[in-house]
Amino acid sequence: MAKRPLRLLGLDRSGPLPSATRAGRPLRPWTVPNAIGYVRLALIPVFLVSAFESGDGRGALPATLFAVIGWGDYADGIAARLTGQYSRLGALMDPFTDRLLVLCGIVVCWHFELLPRWALAVLTARELAMLVIARYAISRGLELRINWPGRLAVAPVMGAFFFAMVGLGKLAEVLLYLGLAMALLASVLYVRAGVRQARARAGKDSSSG
């Protein structure tokens, strides 16, 4: 029972992935968690419009919208664990929405020079590389589970954009460097895990053949 609150909040990720989220399972688009995911996606263009209409990328509205979209990731995760409505679509949509939100935050902060552009360029390259890696893993039937550096990197990266948009540039810059370091470490671990899975599968195929 002690583990239940931790599992509900997503802090306890022990055990296998829910079977409904695995490759090859039905998408199951009509669930409560996916409804939250659809709202998150729909708010992203609203965020972009509000940010560019602000004139300098700063303001309560774009910052609030960014925070709502970002925290929505936790909301749909909690909804999935409360209702048991896991789905393959949710497993694919959540990381896509997160990366799209990060890329939109990068666009805004780059355009208005709210954060160092070299760091934003590195973060952009990392996010695009992860999209390629994820697509390759899906095509090969590999399961790349989120690791702790990747999970912990989300808060400082998202926080960097949020605080940049409310005018706290120094704090935003520190958070960006912290999040970027953890995100790059996570990418290395994802690649290593994928290589290990691929080698293990090749070994099984050769032994069975």
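**Exercise 1.** Classify C104 and C109 as buried or exposed.

*Solution.* C104 has a relative accessible area of 8%. Buried means under 20% relative accessible area, exposed over 50%, and partly exposed in between (1.4 Å probe, protein chains only). C104 is therefore buried. C109 has a relative accessible area of 0%, so C109 is buried.

The model is predicted: local features need pLDDT of at least 70, side-chain atom pairs count only at pLDDT 80 or more, and totals for chains, interfaces and linings use all residues. Residues are numbered from 1 along each chain as its sequence is written, and side-chain values use heavy atoms, with hydrogens and water left out.

**Exercise 2.** State how many disulfides the structure holds.

*Solution.* A disulfide is a pair of cysteine sulfur atoms within 2.5 Å. The structure holds zero of them.

**Exercise 3.** Describe how helix 2 and helix 4 pack.

*Solution.* Helices are DSSP runs (H or I, at least four residues), numbered from the N terminus. Helix 2 covers residues 32–53 and helix 4 covers residues 88–111. Their axes, lines fitted to C-alpha atoms over the stretch in contact, are 10 Å apart, at an angle of about 10°. Angles run from 0 to 180 degrees between N-to-C directions, and those under 35 degrees count as roughly parallel. Helix 2 is therefore roughly parallel to helix 4.

**Exercise 4.** List the residues that L115 touches, not counting residues up to four places away in sequence.

*Solution.* Contact means heavy atoms within 4.5 Å. By this rule L115 touches C109, L120, A160, F161, A164, A172, E173 and L176.

Technical notes: Helix = DSSP H or I, 4+ residues; strand = E, 2+ residues; numbered from the N terminus. Parallel < 35°, antiparallel > 145°, perpendicular 65-115°, else oblique.
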